[in-house]
Amino acid sequence: MKKDFFYFSVLKVGAFSVVITGVCFFIIAICALFAPKAVASYVTSTAYFDEFMWYQEYFILIKYLMFVAFAAMIGFIISIYYHKCRPQNGLFILLSVLAILGIGIGMLQSITDATRVPHLAQEYENSSDIIRHVIIAFGVANPAIYMLSLGLPGLWLIFLNIWMRKEFSLFLVLSGFAWGIGSVVTVIGHLFVILPIIHFIAFGAVFGVPVWTYLQTKFLLKCRKDAMAKSLSDTGGYYDTH
């Protein structure tokens, strides 16, 4: 019976995690739509620092929201893993572990960007031309890290929605699959500095994220409700916590 209570708890945590993830990414998407081109490109230049100064507060907000969203995403992955891996699947386990590793890297990346980039921008503003050239040469961030922080969770989402297409509703599969594809495409946009792709994904996220959040939360809470009803039925309406 303890396993049942643990299962109920995991699904509840997963549902709350989905809500937190969705709210954070929704705000991030809105902020990203208004990001200056130079800042969105991550290409360090004079224009980058000129535009960064007025966008700095939004940049820091985005990075801390990404940290929270990534942390919450782990709760969602664990809930799906525990729900689905009773009949274990080796590939799903592997992708889940890789997704969590990518998310951990994303959390580190978010904190690093939120603290390092504003500092470099301030130094650039107050330094000599030589120091400015050095800062530009070294760059402010490495967008290739998105291959891990967005790419791995994106692949996990794609596989998840293909694998669970019979359990998920059609709109949940479509929204979840779109999120996974969007994460992978965002990586491509940052690697090759294709700004229209980045803005298109952000625009789509503004509408897609609320849909996914609602449907995914509804699914996890329904699974929890059904499992509790079955447990009550099996025990004759009595919970034994020992």
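**Close-up views of a predicted model**

**View 1. Helix α3 kinks at Y55.** Helix α3 has a kink of about 75 degrees, centred on Y55. The bend at a residue is the angle between two axes, one fitted to the seven residues ending there and one to the seven starting there. Helix α3 covers residues 46-84, which makes 39 residues. Its end C-alpha atoms are only 50 Å apart, short of the 57 Å that a straight helix would reach at 1.5 Å a residue. That expected span is 1.5 Å times one less than the number of residues. Helices here are DSSP runs of H or I with at least four residues, numbered from the N terminus.

This is a predicted model, where local features need pLDDT of at least 70, side-chain atom pairs count only at pLDDT 80 or more, and totals for chains, interfaces and linings use all residues. Residues are numbered from 1 along each chain as its sequence is written, and side-chain values use heavy atoms, with hydrogens and water left out.

**View 2. Y42 and V193 have positive phi angles.** Most residues other than glycine have a negative phi. Y42 is not a glycine, yet its phi is about 65 degrees. Y42 sits in the loop between α2 (37-41) and α3. Y42 is buried, at 9% relative accessible area (buried is under 20%, exposed over 50%, partly exposed in between, with a 1.4 Å probe and protein chains only). V193 is not a glycine either, and its phi is about 50 degrees. V193 lies in the loop between α8 (170-191) and α9 (195-234). V193 is partly exposed, at 37%.

**View 3. The largest pocket has a volume of about 920 Å³.** Of its 41 lining residues, the closest to the centre are F25, T186, I201, A202 and A205. A pocket is an open set of points on a 1 Å grid over the protein atoms alone, where a 1.4 Å probe fits, with protein on both sides within 12 Å along at least five of seven lines; lining residues have an atom within 4 Å of a point. The volume is the space filled by probe spheres set on the points. Helix α9 gives the most to the lining, with ten residues. The lining divides into 31 nonpolar, nine polar and one charged.

**View 4. The model has zero disulfides.** A disulfide is a pair of cysteine sulfur atoms within 2.5 Å. The sulfur of C31 is 11 Å from the closest cysteine sulfur, in C24, too far for a bond. C31 is buried, at 11% relative accessible area. C223 is also buried, at 13%.

Terms used: Helix = DSSP H or I, 4+ residues; strand = E, 2+ residues; numbered from the N terminus. Nonpolar A, V, L, I, M, F, W, Y, C, P; charged D, E, K, R; others polar.
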